[in-house]
Number of protein chains: 2
Amino acid sequence: MPDKTTLQTLSAAVEANFDEQVRFLADIVRHPSLRGREAPLQDHMYRWFAGRGFGYTVDRFSIADVRWQDHPKASPMVDVDPAGSFQVVASKRCAAPTGRSLIIQGHIDVVPEGPAEMWTYPPYGGTVKDGWMYGRGAHDMKSGVSAMCFAMEALRTAGFAPAADVFLQTVTEEESTGNGALATLLRGYRADACLIPEPTGGTITRAHTGTLWFRIKVRGVPVHVAVAQSGSNAIMSGYHLIQALQEHTRELNRAAREDQWYSGLQDPIKFNPGIIRGGDWASSTPAWCEIDCRIGLLPGQDVAAQQRAVEKAVAAAAKTDNFLANNPPEVQWHGFLADGYVLEPGSEAEAVLAEAHRAAFGAEMPARITTAVNDTRFYGLYFDMPALCYGPKGEGAHAFDERTHLEHLKTTTLAMAAFIADWCGLKALE
Amino acid sequence: MPDKTTLQTLSAAVEANFDEQVRFLADIVRHPSLRGREAPLQDHMYRWFAGRGFGYTVDRFSIADVRWQDHPKASPMVDVDPAGSFQVVASKRCAAPTGRSLIIQGHIDVVPEGPAEMWTYPPYGGTVKDGWMYGRGAHDMKSGVSAMCFAMEALRTAGFAPAADVFLQTVTEEESTGNGALATLLRGYRADACLIPEPTGGTITRAHTGTLWFRIKVRGVPVHVAVAQSGSNAIMSGYHLIQALQEHTRELNRAAREDQWYSGLQDPIKFNPGIIRGGDWASSTPAWCEIDCRIGLLPGQDVAAQQRAVEKAVAAAAKTDNFLANNPPEVQWHGFLADGYVLEPGSEAEAVLAEAHRAAFGAEMPARITTAVNDTRFYGLYFDMPALCYGPKGEGAHAFDERTHLEHLKTTTLAMAAFIADWCGLKALE
């Protein structure tokens with residue numbers, strides 16, 4: 001960890017900049033960067049990095065600018081245009097590096113806020129109340145984006161620059177495919193380690209599950225309800241398939257009890273029917289129903305094998321439904337085909353981060369096992385660099401009244417500054 | 001019935017005009033007069049009547065032009081503007097009437113066509129193949145609209161005019177509220193009888209069930225699926241309520257076994273969850289779900305009592321769902337609040353129609369008991385005029401490949417011309 005004086009200097013710098021950091025965070029929370037609509041916020045990030053005066057070289061490119069579809073770990077993009085999905089990489093290069101290079105990456109896409117009337121504060125307001133900032137993305141993970149930007153700002157304020165290349169990246173598609181992270185790697189960005197400041201509440205992510213997205217499409221034969229017994233109700237057939245997938249999930253969770261990392265969690269495989277659409281008219285038996293689903297898989301489980309298992313469960317259920325037996329439902333893979341990932345204990349990067357955490361928080365850095373996916377898999381599994389998922393504390397990811405704890409965010413920002421200082425080394429700002 | 005010579009003259013006129021009638025029908029089928037978008041077809045009808053040269057006085061007005069909301073049998077209009085929902089009444093008045101006046105009414109609204117790829121012929125194409133015309137509304141009930149228009153045309157071609165006032169009406173909202181029919185009555189139109197040429201396949205409708213429309217609104221607490229056990233899945237809660245309403249329907253059908261008119265039908269009360277929408281994101285537990293439903297009621301059953309029974313069934317089911325118990329679902333009455341109706345046997349109007357049917361088809365006119373609603377209830381129950389529901393033959397109401405049988409349509413047109421001739425009397429065209 002940095003020496004005590006350096007740490008105090010960095011701490012003072014984080015403190016001095018924190019009002020600006022909170023304003024920065026509120027500003028990016030006020031950008032409703034929903035999937036397919038992230039570009040204005042990426043424009044904002046581009047301008048912000050370029051205007052810092054810290055010598056960032058800023059690269060802004062879309063997923064369509066790289067050959068993403070050729071990569072075996074790309075996920076299908078449906079209902080969204082890769083050419084409109086921009087990534088931003090701000091490179092702070094070191095002329096004569098003496099330390100280890102670092103990628104710090106945060107996603108700026110957010111999930112839909114749901115019915116606005118169920119929020120206490122406006123979902124894109126960035127309201128601060130009693131030490132928390134509220135808003136969709138305030139926690140997942142614009143808080144972390146602010147931490148990475150202002151960890152670097154702390155160095156600058158303290159009169160330092162990293163003694164190795166640092167690449168700050170804001171990406172899209174973390175919530176749906178991971179293709180934003182993949183695009184930065186396909187663009188060629190590499191480093192000796194990667195830190196993703198997802199809001200882990202100051203824990204290091206030891207393992208995350210993978211995620212599959214699929215859309216079930218049921219077609220029925222609509223008739224006037226007056227003769228409903230001769231028609232098929234696609235909505236009810238959809239429900240039949242959901243029940244079958246719930247049973248499939250129970251089987252997967254029974255098997256998960258033997259897993260090295262997940263045996264301690266109850267039902268780590270989560271199945272979620274997240275969106276449903278079906279039918280056109282109250283008085284017509286519905287002709288169609290589509291259900292967008294998400295299911296998890298354990299680290300080490302094969303994505304393709306789990307896809308086939310879902311398809312098999314759906315096909316088996318269809319055989320027990322009079323209508324579906326003759327009109328097989330379609331399973332479309334419309335997003336995440338994501339592996340799980342384990343950050344094997346013992347890496348140098350993790351040790352340095354643990355030191356930095358201890359320096360900032362005065363406590364050990366706990367590990368967590370999560371049932372949600374994150375982007376570290378790309379760096380850790382496919383591009384052979386240690387990938388740390390560690391960041392600030394908050395509540396309500398994907399929920400109403402999502403919020404981040406500002407005091408914790410400040411300390412996390414210091415921990416990240418200390419990590420950069422140790423991993424990359426410091427040199428005096430020119 | 002008309003004397004043999006008159007009948008032959010009318011038959012020849014129907015035959016002579018039939019190519020034009022088929023073109024007329026194809027033309028109106030090609031107007032996609034879905035709910036809220038009927039106005040262009042009503043404009044077309046307005047022009048058609050006005051341009052006939054048969055002395056029609058044409059009145060075009062919207063539901064908002066009458067005090068519809070004050071009427072106890074108006075149904076709520078949700079998601080559609082009454083001011084944009086136009087009715088057309090073409091009045092063929094008789095200077096010195098000697099016969100009985102008549103309203104002939106047809107609805108021109110159609111239900112959604114569903115996925116177009118499931119149609120053999122384009123849903124708004126009006127394709128004729130092997131003696132059938134295909135298209136959404138070709139059967140329900142633009143065929144009947146063509147029959148009423150060309151029954152009157154047959155009189156004109158044969159050199160006659162009705163010897164009493166005849167009001168041809170094209171209305172909207174038959175498929176959702178009935179407020180179009182109600183608006184014509186509130187506008188003041190009355191007659192000694194009403195004929196609605198719904199596609200009954202040459203049967204007289206003895207009884208129809210009523211219909212209630214309601215929207216169930218479920219609100220849930222979304223969370224990241226990683227912690228799905230702490231959230232509520234609004235889609236699954238929605239299905240829980242559907243199942244409860246299916247059970248409620250079974251109870252209603254048990255009681256229906258004692259009904260005077262419906263005891264012979266198996267399960268005459270139809271419940272249909274027709275539209276479902278819910279959730280925003282595959283990886284968020286859905287925060288909301290809305291289900292648009294339709295349920296029937298028997299003639300004589302009280303609409304308000306059946307509404308309360310639905311609400312009670314939903315509330316009882318909500319109590320057995322952990323989430324819904326604390327977040328009661330909402331039931332919104334968003335359309336039909338329609339009584340059932342029985343055309344009591346023995347009316348003079350029905351006897352005259354039966355004669356006309358026999359003259360045209362050479363067979364008795366059977367009666368049918370239907371589990372679908374139609375507009376006759378307004379005339380028969382609330383405005384005290386005999387209301388006959390009788391019309392052409394077809395298939396696939398509310399379904400794919402909806403079609404009308406053209407030869408049957410021609411004969412039905414003759415039967416209707418004969419009915420007008422007998423009910424209203426004839427006089428020579430001036």
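Biologist: To begin with, is B:Asp43 buried, partly exposed or exposed?

Modeller: This is a predicted model, so everything that follows is computed from predicted coordinates. B:Asp43 is partly exposed, at a relative accessible area of 26%.

Biologist: Which residue does the side chain of B:Asp43 meet in a salt bridge?

Modeller: Its partner is B:Arg60, with an N to O distance of 2.7 Å. B:Asp43 belongs to helix α2 (residues 39-50) of chain B and B:Arg60 to strand β1 (residues 57-62) of chain B, so the bridge ties together parts 17 residues apart in sequence. B:Arg60 is likewise partly exposed, and its relative accessible area is 36%.

Biologist: What does B:Asp79 pair with?

Modeller: The side chain of B:Asp79 forms a salt bridge with that of B:Arg215, at 3.0 Å from N to O. B:Asp79 sits in the loop between β1 and β2 (86-92) of chain B, while B:Arg215 lies in strand β10 (residues 210-219) of chain B; the pair therefore connects parts that are 136 residues apart in sequence.

Biologist: Are those two residues buried or exposed?

Modeller: B:Asp79 counts as exposed, at 66% relative accessibility, whereas B:Arg215 is buried, with a relative accessible area of 8%.

Biologist: And B:Arg254, which residue does it meet?

Modeller: B:Arg254 meets B:Glu247 in a salt bridge of 3.5 Å, N to O. B:Arg254 is partly exposed, at 40% relative accessible area, and B:Glu247 is partly exposed, at 30%.

Biologist: How many salt bridges are there over all chains?

Modeller: The count is 48. In chain A, a network of salt bridges links A:Asp79, A:Arg215, A:Arg277, A:Glu290 and A:Asp292.

Biologist: Changing topic, how many disulfides does the search find?

Modeller: The search of the whole structure finds 0 disulfides over all chains. For B:Cys94, the nearest cysteine sulfur is that of B:Cys424, 9.1 Å away, and B:Cys94 is in no disulfide. B:Cys94 counts as buried, at 8% relative accessibility.

Biologist: How many residues are in contact between them, and what area is buried?

Modeller: Contact involves 23 residues of domain 1 of chain A and 18 residues of domain 2 of chain A. The buried area is about 1600 Å², and carbon and sulfur atoms give 60% of that area.

Biologist: How many salt bridges and polar contacts are counted between these two domains?

Modeller: Between domain 1 of chain A and domain 2 of chain A there is 1 salt bridge, and 7 residue pairs are in polar contact.

Biologist: Which elements of domain 1 of chain A give two or more residues to the side that touches domain 2 of chain A?

Modeller: They are β9 (204-208), β15 (341-342) and β16 (367-370) of chain A. β9(A) gives the most to that side, with 3 residues.

Biologist: One last item: how far apart are the closest N and O atoms of A:Asp79 and A:Arg215?

Modeller: They are 3.0 Å apart, and the two residues form a salt bridge.

Technical notes
Residues numbered from 1 in each chain as written. Chains lettered and ligands numbered in written order. Predicted model: local features only at pLDDT ≥ 70, side-chain atom pairs only at ≥ 80, totals over all residues. Heavy atoms only, no water. Salt bridge = Lys/Arg side-chain N within 4 Å of Asp/Glu carboxyl O. Helix = DSSP H or I, 4+ residues; strand = E, 2+ residues; numbered from the N terminus. Buried < 20%, exposed > 50% of the residue type's maximum accessible area, 1.4 Å probe, protein only. Disulfide = S-S within 2.5 Å. Contact = heavy atoms within 4.5 Å. Buried area = accessible area lost by both parts, 1.4 Å probe. Polar contact = N/O pair within 3.5 Å; in protein donor to acceptor, adjacent residues only side chain to side chain.
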